[in-house]
Amino acid sequence: MPELPEVETVRRGLSPVMEGRVIEHAAINRPNLRFAFPDRFRERLEGQTVTALDRRAKYLLAHLSGGETLLMHLGMSGRFTIVDEAGESGANTPGAYSHPAGDQSKHDHVIFRMSGGVFLIFNDARRFGFMTLFASAGGDEATPFLSGLGPEPLGNAFSPAHLDCALAGKRTPIKSALLDQRVVAGLGNIYVCEALWRAGISPKRLARTIPGTRSARLVPVIRDVLNEAITAGGTTLRDFKATDGALGYFQHSFAVYGRESEPCRKPECGGTVSRLVQAGRSTFFCAACQR
Ligand SMILES: [Zn+2]
């Protein structure tokens, strides 16, 4: 499942082919993905200029010139592919689009033709992704997907003071508290495990014991693990045109995630990575150095 760094990588990849361009044509190849597409979806998109492409939590937000925002979520398996007229698709006829080879094309659910002859193909085999529109003027509160979200983990509003306030009195384990989107937006299972390991904090520790010095330790490492993954994704981004054009999935090595029974990577720790299940999700941690 794409986490925040993957979504940010997708945003950076799509930005040059979306921002400032007009959605000339939108092919909507089915009535729904995870949810039904909004009424008159195609008509509301066509002719609109994308004024900016932002990200909020794990949502991509394409702000449109007409006053609506296109919200896009990648779900479990959603991916965008960029094909230009001279690209790998072999579609050299201006305005024409021919499918790339391969039987995955039956999952190409949405195709945007942008001005300048670029096609954006949204492929989602499992269809947990979705797209919707909301009135830009209403901000986050204009859509249930964004309303009530906590601050962005990479933004200034996410601070030790915010975390102190959000966790005060909470009796849930810190692992679960950090996955609560009202506490911090867009942080997923993998990066919570990585950040807790780096901060030396047990995932089982009660959230109410975090405020103070532990919050001060945790906030910068959350930023660090996300920024390092975004940098790794950026490496992929530079190379994507050489591969299959699909954005957002990259190889990244984790310190604890997926490393059960392997040695802890902290120098001189000597511990072993364990796995436990918290709220139905796997947690990887080192009991020797995470307290
Ligand atoms: Zn350790």
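**The open sheet**

A: This is a predicted model. Four strands make up an open sheet, ordered 1-6-7-5, with antiparallel pairing.

Q: Which strands stand at the edges?
A: Strand 1 (23-28) and strand 5 (79-84) do. Each has a single partner strand, so one side of each has no neighbour in the sheet.

Q: What does the twist average from one strand to the next?
A: The average is 15 degrees.

Q: How many bridges join strand 5 to strand 7?
A: Six, and the two strands run antiparallel; strand 7 covers residues 118-123.

Q: Switching to isoleucine 28. Where is its place?
A: Isoleucine 28 belongs to strand 1.

Q: What does isoleucine 28 touch, leaving out residues up to four places away in sequence?
A: Phe37, Phe41, Arg42 and Val110. Isoleucine 111 is 83 residues from isoleucine 28 in sequence, yet their C-alpha atoms are 6.8 Å apart.

Q: Now the whole protein. How many helices and strands?
A: Six helices and ten strands.

Q: And what share of the residues counts as buried?
A: 37% of the 291 residues.

Q: What about contacts between residues 24 or more positions apart?
A: They make up 67% of the contacts with a separation of 6 or more.

Terms used: Residues are numbered from 1 along each chain as its sequence is written. This is a predicted model: local features need pLDDT of at least 70, side-chain atom pairs count only at pLDDT 80 or more; totals for chains, interfaces and linings use all residues. Two strands pair if DSSP finds at least two bridges between them. Axes are lines fitted to C-alpha atoms, for helices over the stretch in contact, and angles run from 0 to 180 degrees between N-to-C directions. Two residues are in contact if their C-beta atoms, placed from the backbone, lie within 7 Å. A residue is buried if 20 or more other C-beta atoms lie within 10 Å of its own, exposed if 12 or fewer, and partly exposed in between; C-beta atoms are placed from the backbone.
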